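I want to go through this structure piece by piece and write down what I look up.

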Amino acid sequence: MYLYNLTLQRPTAITHAVHGAFSGTRQQEIVISRGNVLELLKPDVNTGKVHVAISVEIFGVVRSLMAFRLTGGNKDFVVVGSDSGRIVILEYNPQKNVFEKVHQETFGKSGCRRIVPGQYLAIDPKGRAVMIGAVEKQKLVYILNRDAQARLTISSPLEAHKSNTLVYHMVGVDIGFENPLFACLEIDYEEADNDPSGEAAMATKPSLTYYELDLGLNHVVRKYTEPLEEHANFLITVPGGNDGPSGVLICSENYITYKNVGDQPDIRCPIPRRRNDLDDPERGMILVCSASHRTKSMFFFLVQTEQGDIFKVTLETEEDMVTEIKMKYFDTVPVAISMCVLKTGFLFVASEFGNHFLYQIAHLGDDDDEPEFSSAMPLEEGETFFFAPRALKNLVLVDEIESLSPILSCHISDLANEDTPQLYTLCGRGPRSSLRVLRHGLEVSEMAVSELPGNPNAVWTVKRRADDEFDAYIIVSFVNATLVLSIGETVEEVTDSGFLGTTPTLSCSSLGDDALVQVYPDGIRHIRADKRVNEWKAPGKRTIIKCAVNQRQVVVALAGGELVYFEMDPTGQLNEYTERKEMSADVICMALATVPSGEQRSRFLAVGLSDSTVRIISLDPSDCLSPLSMQALPALPESLCIVEMGGAESEEGVGVAMGSLYLSIGLQNGVLLRTVLDNVSGDLSDTRTRYLGSRPVKLFSVKMQGAESVLAVSSRSWLNYYHQNRFHLTPLSYEMLEYASGFASEQCPEGIVAIAANTLRILALEKLGAVFNQVSHPLELTPRRSVIHDSGRIIILETDHNAYTDDIKRERKKAMAEEMREAAGEGEVEIATQMAEAFLNENLPEDVFGAPKAGTGMWASIIRIIDPVNGTTLETLRLPQNEAAVSLAIVKFASVTSEESHLVVGVVKDYKLSPKSIGGAFLDAYKISKDGSSIQLLHRTAVEEIPGAIASFSGRALIGVGRLLRLYDLGKKKMLRKCENKHLPNFINYIHTIGSRIYVGDVEESVHFVKYKRRENQLVIFADDTYPRWVTCICVLDYNTVAVADKFCNISILRLPPGTTDDIEEDPSGTKAFWDRGLLNGASQKCDTISHFHIGEMILSLQKSTLIPGGSESLVYTTVAGRIGVLVPFTSREDYEFFQHLEMHMRSENPPLCGRDHLSYRSYYTPVKNMLDGDLCEQFNMLERARQKGIAEEMDRTPNEVSKKLEDIRTRYAF
């Protein structure tokens, strides 16, 4: 079995984010890492929307990321610390829209190891040196400089190692242009290691150590170290030199401390806490991330606590000595992994889980009535300040970047009856979790919908002048009339536009600089800027049936197949070409390309004829109207469209590299063909085919992100566009359209105006590049497992550790309000009562402010029934405090005569994770109503261990109770145990069944194959795996084959060898000892690993499914980082060998960006076997043309054939 790995949706979690001017312009961008993907984000200053400029797989793990700029430079570089054992410096090239590797220096082994640097990066703020450090022992410093050509140079590494030392964080200290200085949070464990009693480990204190790079001696010295009082978790650099006092802020539990070398005394300020917080008051508070902003006159820091509250921190100085730290509550946003403050006043928040946000900083919070806390205020040791959290005041949300991370479970099914299956994913953590319904397609924003007086058949937009930014008119054609609407603040009808309103219109366009042209069945109307009208009438009784127009040319086809060609002369007059051309058959459709910039005309006319051919006709004066090439079609053409796509855009929107001309052909049978049209000869080559829908395909050219795209309208609308160096053909998630045109106005600079039935609609597509559009339904707790009922309703288990149930929250609030009243003095009773009332009525939304942390061993659980089509919750069943629901399944018990199905839920009471202990475990049996909208508890059965997995098995429930596999039936008062197997090693976490065969996943020991012997009532393990896999999920592919994903991000396909028997009667010993004896504590038969692959993120769901109507089956996986991918099988040996060769050439020609070896990355734990990496193969399309040609020639193919093959395998199984 040979498989091909394809990513449908790249990971959405962000692990690091840095900002800087990477393009070398004044505009700031953000570079983010998504685990093994690097992306460059561009926030649009005007609209506030975030666009992804480039996204590239690096086939490695990004462990750290930093931006730096050489002294006096105007461009930022990106330094990446990864698992490749190399430090890599990247530069963004905006012309080619790629990251280019400037330097790659090897210093250690690959992999995320304890003593190999890469985990931490620190930059000298003046851009002279970079320190890269490991978790333990090793630190290296590289000196950065320029050579005579102003190129970046890097020195050999200087060592700053210290053994027996763990590092928590490191930063570059800003000390102007003195020798670069780095500060590290370290802890020395030498004494703790040598002390067997463990007392030294408890007494070990962390220290702050300064390392100085002496540029004169080219040597790193440990300059100074001092022990710290509290355990700190990270450092913040304070601006130095001429900008500030230098030094560092140390963030530790409950405190933030300012330290500097020299006479500076330590300044320490407690971290304020929420007033009347439901959290455990003994719990310490830490800061999790920070962002700093500096201008010429001032600087401040934004720091975020683990509850999501952001504080603005400023330092008061006197003669370069810091006298106090001031902290002020700023706002509360979801807990972030990284924050960036941009010069344009944006705050980018990369959330730990869930969606990411871009906020506008509306106020700096200087002049509001929020109290300011200071280190100078007198407080007892251990006391702190209190503040009241509130809704956003200083920040304004401008954009939300959708993130699926983490995907905990996924079901692929067509519950909404849309022909194409939807993905129902359980995402998020705690109160920010959601059920998201994903559909393949671009999200469409409806800007306006207005009814028209009848059913129109076409619509166009035109500009008054060629250099206008926005369109002036919308022209709507009816069967016997034409309606002209002007575009302004509103859209209204006008009558003085010069267009003929008493006739239907075939086409219209802007002509030249400031004229308009209207083509109607009886002639052509040329409207000049001063409203003068020139008309050309169709000869005799012949009418115009089809036409094609652009800015300088008009071609009309008369009835009977005669072509008449007009071109505009320099005076702005339309002149007819002397000859006319007779076509051999009736003309069905025609197309002209837009006139290339700096040229007089478009050189080619495409004509679709009723003999199922498309002909390319020259419009060059030297051979005007002579045929150039022809292509036969499998069906009659419906429409044609010629666009130039694939040209690189420069920053100013001027095309740098010429794109290719593409002729798109829409056929009447619903198929779209895309063919390359040679710019010189007019030859047609490299045809790609795609079935779009059941109706004839109409094509329209529209502008998207400054480039030409093709909108194809069939029973579904599709957009063919070029984005991030590759072509996309994506459906629009919108109802059926009939005709469309590009649209540009102030409110909607890049939209589409379309007609559907008798309405005119203005639409905008903002999320280009997105594969799925999402509908999100919020949940209350982290969703763990889900099942789909026959009625299409989804039953979800939501369970959170360290959480309170709603009842306990209310009780705690009442108790705290009572304490307030009791603590009040005699004169304060009334005020205290008011405060208590206000506190009881205050309800801060938990999805923003976070849920209170209850402490370890505290659990809250909900069983929810939801209708996934409209997102309504039909029933919510809340379990009591400290009961955790861990597993569920729908079972149809054979002992129950009616057609009812039952829900069996595994529940644990007083569950402590470490050391593991439980206060009780139960199986709850619920009766499900016929329509699946409600459940009713029948009874509860106590069991000894955690019920980790449940499955329905031939009219009974098969349940993994700890490491015991048991078969239960439904009784009147409780579940009845029928049979059990005690031979599984650790803990059962997955059970699947087919027929009488059972596939059991063990948490540490891979998959066990079990057979149920009905006659003997025995569960027998007849085969298992030779390799200990830490199973996260399994999916049965066929009777003998199972796919397994493990905790270390691998996916394996296991198959029973051909001779395997599960028939107990064949036991030669006659006493069944063959089955119980086993082999080395395992089963006597072993399965083979037939394929293996390292994905790079932990897979939490696997499902065999068909993703597109008429497509073939593939194995779909989703990961904790939000990646959705497929493994597709090769149907022929020839295909497999082709892609194997392509992968081999790509490995050598285009090694991964961050220096990791691709083969060793995909073989992280076990050598890759029988699986090919489609993500690497697809990077072929992003290579330069010369390198593509070189690889294709090695394979005896052309580059077009290779990219067609890549596209074919993708569209056969997915999108």
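**Entry 1: Asp-309**

I started with the side chain of Asp-309, which makes a polar contact of 2.9 Å with the side chain of Arg-274. A polar contact is a pair of N or O atoms within 3.5 Å; within protein, one must be able to donate a hydrogen and the other to accept it, and residues adjacent in sequence count only if both atoms are side-chain atoms. I note that this is a predicted model, where local features need pLDDT of at least 70 and side-chain atom pairs count only at pLDDT 80 or more, while totals for chains, interfaces and linings use all residues. Residues are numbered from 1 along each chain as its sequence is written, and side-chain values use heavy atoms, with hydrogens and water left out.

Is Asp-309 buried or exposed? Asp-309 has 1% relative accessibility, so I put it down as buried. Buried means under 20% relative accessible area, exposed means over 50%, and partly exposed lies in between (1.4 Å probe, protein chains only).

Next I listed what Asp-309 touches, not counting residues up to four places away in sequence. Among them are Arg-274, Tyr-329, Asp-331 and Phe-387. Contact here means heavy atoms within 4.5 Å.

**Entry 2: the sheet around Asp-309**

Asp-309 is found in strand β26. Strands (E, at least two residues) and helices (H or I, at least four) are DSSP runs, numbered from the N terminus. Strand β26 covers residues 309–318 and runs antiparallel to β27, residues 321–332. How many bridges join β26 to β27? I found ten. Across this pair, Lys-312 stands opposite Lys-328 in β27.

Then I looked at the whole sheet. Two strands pair if DSSP finds at least two bridges between them.

**Entry 3: a four-strand sheet**

I found another open sheet, in the order β19-β20-β21-β22, again with antiparallel pairing. Its edge strands are β19 (232–237) and β22 (267–270), and each pairs on one side only. The twist here averages 20° from one strand to the next. Five bridges join β19 to β20 (residues 248–252). Ala-232 has Ser-252 in β20 as its bridge partner.

**Entry 4: the record**

I checked UniProt. An unreviewed entry there lists residues 13–401 as "domain: RSE1/DDB1/CPSF1 first beta-propeller". UniProt positions are given in the numbering used here, feature names are shortened, and annotations may be inferred rather than shown by experiment. Over residues 13–401 the chain is 3% helix and 51% strand. The end C-alpha atoms of this stretch are 10 Å apart.

**Entry 5**

In strand β38 (residues 458–462), five of the five residues are buried, so the rest of the structure largely encloses it. Which residues point which way from β38? Ala-458, Trp-460 and Val-462 point one way, and Val-459 and Thr-461 the other. I recalled that side chains in a regular strand alternate between the two faces of the sheet.

Five bridges join β38 to β39 (residues 473–477), and the two run antiparallel. Val-462 stands opposite Tyr-473 in β39. Tyr-473 is buried, with a relative accessible area of 6%. Its side chain makes a polar contact of 3.4 Å with that of Arg-464.

**Entry 5: cysteines**

How many disulfides does the structure hold? I counted zero. A disulfide is a pair of cysteine sulfur atoms within 2.5 Å. The sulfur of Cys-289 is 9.4 Å from the closest cysteine sulfur, in Cys-340, so it is too far for a bond. Cys-427 is in no disulfide either, with the nearest cysteine sulfur, that of Cys-410, 8.5 Å away. Cys-289 is buried at 5% relative accessible area, and Cys-427 is buried at 1%.

Definitions and conventions: Axes fitted to C-alpha atoms, helices over the stretch in contact; angles between N-to-C directions.
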